[in-house]
Amino acid sequence: MKNLFLTTLLLSGSMSVFADGGFTLKGNVPGLPAGTRISLVSEGGRRSVIAETEAAGDSFILTGNVGSPMLCELRFDDPDPQTMDKGISFMVEDTDMSFSATAYKDMPNGFFVGTGGLDMMKNVAVKGGKAQEEYQEYLDTMEPYVRASKEAHYNLFWDEGRDKSDAGQKKLQEVYAAASLAESSARRDFIKAHPCYSISGQMLVQDLSEPYSFTGEELDEFVRLTEGMWDKSRLEKVREAIEKGRKYPRLAAYTDFAVLDTELKECKFSDLRNEGKYTLVDFWASWCGPCRQAIPHVRELYKKYTGKLDVLSVSLDSSEKPWRTAMDKEKMEWTQLWADSGRVDAIKNPYQIKGIPYLLLVDPSGSIIFTGSSPDELEEVLRKKLGF
C-alpha cells in the first residue's frame, strides 16, 4: 500500500521570503551509522535527487535549490543491506531548514505497514519554511484517518491471526473500505478548508489529473478558492490543471466506442446501454492483478443493483485466448466484451485511460458520473444515487 504520509513563502505583505541562495538543511540524528547515504529526493511522478551526502557523524548538511516549495523525501540508505532504509517526507523550500530525530533507530522506515511507523514519525522534527508548517498541519489533521486506514489495511492483509473465512474477510474488507473513504473525505475537506496552502495546491493538481472528476462549476469554484495562493509556481500548475480538467468534466456525455462480443461480432456501447439504467463499464485485462481482485466487488454491485445497474466488462487484452481463459475462470455472469488492438486507442484516448482497472459509470441520461479504479468509491456514488 502506498505510504499515505508521503503525500506541503513565508510571506509578509507582498515580500517573498524564498532564499536567493537556495535551501540549507541541517540535520542531527544520534546514532546515524557512518557511511549512510543521505539523499533528498523529489516526490511525484519524476523522482530526482536534489541533494545528497554521506554520513560521517550524527550531523549532516544538505544544500540545493528547489525554486518553489516541493514535497520531498529525505532518505537514509543504510550501509547494512539487512537493515531497511529510513525515510521521511516534508516540504522543502529555499530557506534555512532543520531536521532532527531522537535517534536513528527511532526513525520510521521508508515503507511500513500497520501503525508503528506513524508512532515513530513523532520522533522526528522538521523546521523551516511556511510550506512545511502547512504540511505539518495537514499531517496532524489527517493522522487519525490515516491511522484508521493503515490499521484496517494491516488487519485485512497482514495480520497472521485474522479471520480468513469468507465472512471474516468480507467484514475486514468493509472496515478497510470505510476507513479509506473516510480518509479520502478528510483529505478533500482539508483542501477545501485550506485551498491556498502549498500542499493543498499539490494535492489539487493530482486530483485534477483524474478525468471526469469535477464538473465545470466545481472547476470554477477552484479558480475562486485558490486566488490567494501564495505559492505562485504552484498556483500556475493548479490553473493549468483546471484548464485541462475542463476538457474532461464530470457530467459530460459519454463517447461511443466499438468492441467485440463473445462471438467476435462488433457492437457499440450505445447499442448495449439501457437508457433507463445506470451502466458500469469495467475495463480490465487477464494479466492485471488489481483487475482480477476487483471482480468480486463488481459482482457484488451487479447483484446488489440488479434492475437498476447494467454491468459490462471490457477486456483490453492484446489477444483473444488470455481473455477467454480468464473470463471462464472468473465466471462473470454479466456482459463480456473485448477491445482488440484495433479498437483500444478509440477507447483509451477519449476516456484518458492510463491504467486499469478503470471503472466508468454512466447515468441513465448518458452523462459520465464516475471514473476511477476504486470499487468502494464507485459504490459510494451508486449508494448516493440509488439510495441504498
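I looked up the open sheet first: four strands in the order 5-4-7-8, paired antiparallel (strands are DSSP runs of E, at least two residues, and helices runs of H or I, at least four, numbered from the N terminus; two strands pair if DSSP finds at least two bridges between them). Strand 5 (49-54) and strand 8 (86-92) are the edges with a single partner strand each, so one side of each lacks a neighbour in the sheet.

I note that this is a predicted model, in which local features need pLDDT of at least 70 and side-chain atom pairs pLDDT 80 or more, while totals for chains, interfaces and linings use all residues. Residues are numbered from 1 along each chain as its sequence is written, and side-chain values use heavy atoms, without hydrogens and water.

I then examined strand 7 (residues 70-77), which seven bridges join to the antiparallel strand 8. L74 has I88 in strand 8 as its bridge partner.

I turned next to salt bridges (a side-chain nitrogen of Lys or Arg within 4 Å of a carboxyl oxygen of Asp or Glu) and recorded 26. R37 pairs with E54 at 3.8 Å between the closest N and O atoms. R37 lies in strand 4 (residues 37-42) and E54 in strand 5, so the pair ties together parts 17 residues apart in sequence.

I also checked burial (buried means under 20% relative accessible area, exposed over 50%, partly exposed in between, with a 1.4 Å probe and protein chains only). E73, in a salt bridge with R75 at 3.3 Å, N to O, is buried at 3%. Salt bridges with shared partners join E43, R47, E73, R75, D77 and D85 into one network.
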